[in-house]
Amino acid sequence: MIIRDLDPNDVAEVLSIYAYYVANTSISFEYETPDFESFKLKCFDIKSKYGFLVGVEKGEIVGYAYANRFRERKAYDFIAETSIYVKNGQFNRGLGKQLYLALFNKMKVKGINELVGVITLPNDASIDFHKKLGFYEAGIIRNAGLKFDKLWDIGIWQKSLWLFSKLTFFLEIH
């Protein structure tokens, strides 16, 4: 897989991947897939501030990952919230791990020292994935979102990037 920064020609494929999650899962709390133009603006705003990566195989985008502002106040400038989406049917191939490791490198260069992942619960696969990449449970917010006529909890998972170099070494030798 080639991992690179998002470019304008990628937006339709990225939106298609996201649309699956909006329509079929509680992973995104959006009720409707965003329109192309607003989604494009959001993606490039995120890319300009934090980074937006796509994973490409055989000319097709198979996943993407990005980081975004955690909270608005200046004091939060050193922490970012991460998001990752892998194309439906492309799971358990290591794509997410590759995308996240590349994103971690990008965040470290930008001076981000803490990452937060927000996981709709229950979701054992996402929890296991985040744990394997060095995230730890920071808390649970009960009844945080309503989708599909059900209230969902969210888990907050955190990762310190100053430990990242040790984790990267470990993952590369195993």
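This is a predicted model: local features need pLDDT of at least 70, side-chain atom pairs count only at pLDDT 80 or more; totals for chains, interfaces and linings use all residues.
**Pro-122.** I started at Pro-122, which sits in the loop between strand 5 and helix 4 (124-132).

**Positive phi.** Lys-58 has phi near 50°, a positive value in a residue other than glycine. I found Lys-58 in the loop between strand 2 and strand 3. Buried or exposed, I wondered about Lys-58? Its relative accessibility is 90%, and the cut-off for exposed is over 50%, so Lys-58 counts as exposed.

Phe-148 is another case, with a positive phi of about 55° although it is not a glycine. This one belongs to the loop between strand 6 (136-147) and strand 7. Phe-148 comes out at 46% relative accessibility, so I put it down as partly exposed.

**Nonpolar surface patch.** Which residues form a nonpolar patch on the surface? I noted Tyr-31, Leu-146 and Leu-151, with about 330 Å² of accessible area together. Leu-151 is part of strand 7 (residues 150-160). With a relative accessible area of 46%, Leu-151 is partly exposed.

**Overall layout.** I stepped back to the whole chain. I have 5 helices and 7 strands on my list. Read from the N terminus, the order is β-α-α-β-β-β-α-β-α-β-β-α. The radius of gyration is 16 Å, close to the 16 Å that the globule rule gives for 174 residues, so the protein is as compact as a globular protein of that length. Along the principal axes, the C-alpha atoms fill a box of roughly 40 × 40 × 35 Å.

Buried residues account for 43% of the 174. For contacts between residues at least 6 apart in sequence, I noted that 66% join residues at least 24 apart.

**Cores.** Then I turned to the inside. The largest nonpolar core has 21 residues, and the members touching the most others are Tyr-100, Leu-103, Phe-104, Met-107, Ile-112, Leu-115 and Phe-135. Helix 3 gives the largest share, 6 residues. Apart from this core I found another one, of 18 residues, including Ile-17, Tyr-21, Phe-39 and Tyr-85.

Leaving out residues up to four places away in sequence, Met-107 touches Tyr-50, Gly-51, Ala-67, Ile-112, Leu-115 and Leu-161.

**Gly-51.** That list sent me to Gly-51, in the loop between helix 2 (36-49) and strand 2 (52-57). Its relative accessible area is 2%, and buried means under 20%, so Gly-51 is buried. What does Gly-51 touch, not counting residues up to four places away in sequence? I wrote down Ile-46, Ala-65, Tyr-66, Ala-67, Leu-103, Lys-106, Met-107 and Lys-110. Last, I took a distance back along the chain: Thr-33 is 18 residues from Gly-51, and their C-alpha atoms are separated by 22 Å.

Definitions and conventions:
Residues are numbered from 1 along each chain as its sequence is written. Side-chain values use heavy atoms; hydrogens and water are left out. Patches are made of residues with over 30% relative accessible area and no salt bridge: like charges are joined within 9 Å, nonpolar side chains (Val, Leu, Ile, Met, Phe, Trp, Tyr) within 5 Å. Accessible areas come from the Shrake-Rupley method with a 1.4 Å probe; for residues, only the protein chains shown count as cover. A salt bridge is a side-chain nitrogen of Lys or Arg within 4 Å of a carboxyl oxygen of Asp or Glu. Helices (H or I, at least four residues) and strands (E, at least two) are DSSP runs, numbered from the N terminus. Buried means under 20% relative accessible area, exposed over 50%, partly exposed in between (1.4 Å probe, protein chains only). The radius of gyration is taken over C-alpha atoms; the globule rule is 2.2 Å times the number of residues to the power 0.38. Contact means heavy atoms within 4.5 Å. A nonpolar core is a set of buried Ala, Val, Leu, Ile, Met, Phe, Trp, Tyr and Cys residues joined through side-chain atoms within 4.5 Å.
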